[in-house]
Amino acid sequence: MKSILSGTGVALVTPFKEDWSIDFVGLANMVDYVIEGGVDYLVALGTTAETPTLSFAERKQVLETIVEQTNRRVPIVVGIGCNNPIEVKEQFHLFDFSQIIAILSVTPYYNRPQQRGLISHYESISSQSPRPIILYNVPSRTGVNIEAETTLYMANTLSNVIGIKEASGNIGQIMHIMQHCPENFSVISGDDALTLALMACGANGVISVVANAFPSAVANLVKLAKKGDFEKARQMHYRLLDIVNACFMDGNPSGIKAFLYKQGLINYQVRLPLSTVKDTTLDLIEKLLKQW
């Protein structure tokens with residue numbers, strides 16, 4: 001599959017200080033850490049960034065910090081989505097898109113729209129979007145699944161919809177999309193645990209949570225899979241698997257922030273209503289890091 005986005009994207013965390021204000025120095029350091037680790041592009045203001053708890057002013061500051069620190073070294077995707085298409089289009093006017101390659105837009109949540117409602121939602125926002133749209137299907141969070149035929153309809157009819165981050169966990173659905181989608185439509189894994197399996201079937205890569213803490217390892221796995229060296233890719237997959245499982249044991253981004261904290265990269269803060277991981281999970285994370 002040909003694509004403007006391929007390889008390893010990282011869904012960047014938003015580091016916080018102890019008073020829950022944004023740690024912009026920590027954020028800039030995270031940008032350097034993952035780029036130097038070999039990721040191919042950054043995703044700002046996604047789920048892992050705790051974007052729903054960021055004010056619009058904070059979102060603008062976060063994106064500006066990421067853009068400035070990246071300094072054109074890798075492409076940047078920004079997450080802009082909510083359950084109201086009018087608000088999505090209003091948000092298009094908040095940001096400077098001069099250094100942004102695409103917009104990752106989550107399905108409308110809470111409303112639980114029908115499939116035709118999803119199509120109408122993306123028709124509405126893609127017609128006014130300043131950058132190409134990547135669909136974001138994550139039914140465990142939104143309460144609605146973009147069915148395969150709905151994705152394929154949009155892939156073939158909406159010229160500004162260029163791909164999908166698939167985090168449904170439904171491998172059969174994702175394979176059906178990859179089998180029938182246009183050549184220039186990107187199918188991107190939204191689950192770290194499924195990256196290798198999906199790439200073996202034709203996915204373009206991953207938008208990874210785990211790459212915040214292990215950018216070199218995730219980038220290496222993806223590069224090996226892209227080359228077709230599945231023996232070595234499988235070895236890296238299984239080396240990472242316990243880490244991936246621990247990362248999501250008590251939810252995201254609590255798990256990945258625990259890894260980053262134990263690595264000495266950021267403070268250990270998440271904003272309410274999230275909480276930090278259980279002590280037993282933190283002990284497991286420390287053990288896994290020592291083994292690594």
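I number residues from 1 along each chain as its sequence is written, and side-chain values use heavy atoms, with hydrogens and water left out. As the model is predicted, local features need pLDDT of at least 70 and side-chain atom pairs count only at pLDDT 80 or more, while totals for chains, interfaces and linings use all residues.

**Largest pocket.** I started with the open space. A pocket is an open set of points on a 1 Å grid over the protein atoms alone, with protein on both sides within 12 Å along at least five of seven lines; a lining residue has an atom within 4 Å of a point. Grid points are joined across faces, edges and corners, and a volume is the space filled by probe spheres set on the points. I read about 630 Å³ for the largest pocket. It has 27 lining residues, and Gly46, Thr47, Thr51, Pro52 and Tyr109 are the closest to its centre. Helix H3 (85-91), strand E4 (102-106) and helix H5 (139-142) are the elements that give two or more residues to this lining. Elements are DSSP runs numbered from the N terminus, helices being H or I with at least four residues and strands E with at least two. By class I noted 13 nonpolar, nine polar and five charged residues. Nonpolar covers Ala, Val, Leu, Ile, Met, Phe, Trp, Tyr, Cys and Pro, charged covers Asp, Glu, Lys and Arg, and the others, Gly among them, are polar.

**Second largest pocket.** I found about 290 Å³ here. Of its 17 lining residues, Arg141, Gly190, Asp191, Phe248 and Asn252 lie nearest the centre. The lining splits into eight nonpolar, five polar and four charged residues.

**Cavity.** I count eight nonpolar, two polar and one charged residue in the lining.

**H10 against H11.** I checked helix H10 (residues 230-247) with helix H11 (residues 254-262): their axes come within 7 Å and cross at roughly 120 degrees. Axes are lines fitted to C-alpha atoms over the stretch in contact, with angles from 0 to 180 degrees between N-to-C directions. Ile243, Ala246 and Cys247 of H10 meet Gly255, Ile256 and Phe259 of H11, contact being heavy atoms within 4.5 Å.

How values were computed. On a 1 Å grid over the protein atoms alone, a cavity is a set of points where a 1.4 Å probe fits but cannot get out, and a pocket is an open set with protein on both sides within 12 Å along at least five of seven lines; lining residues have an atom within 4 Å of a point.
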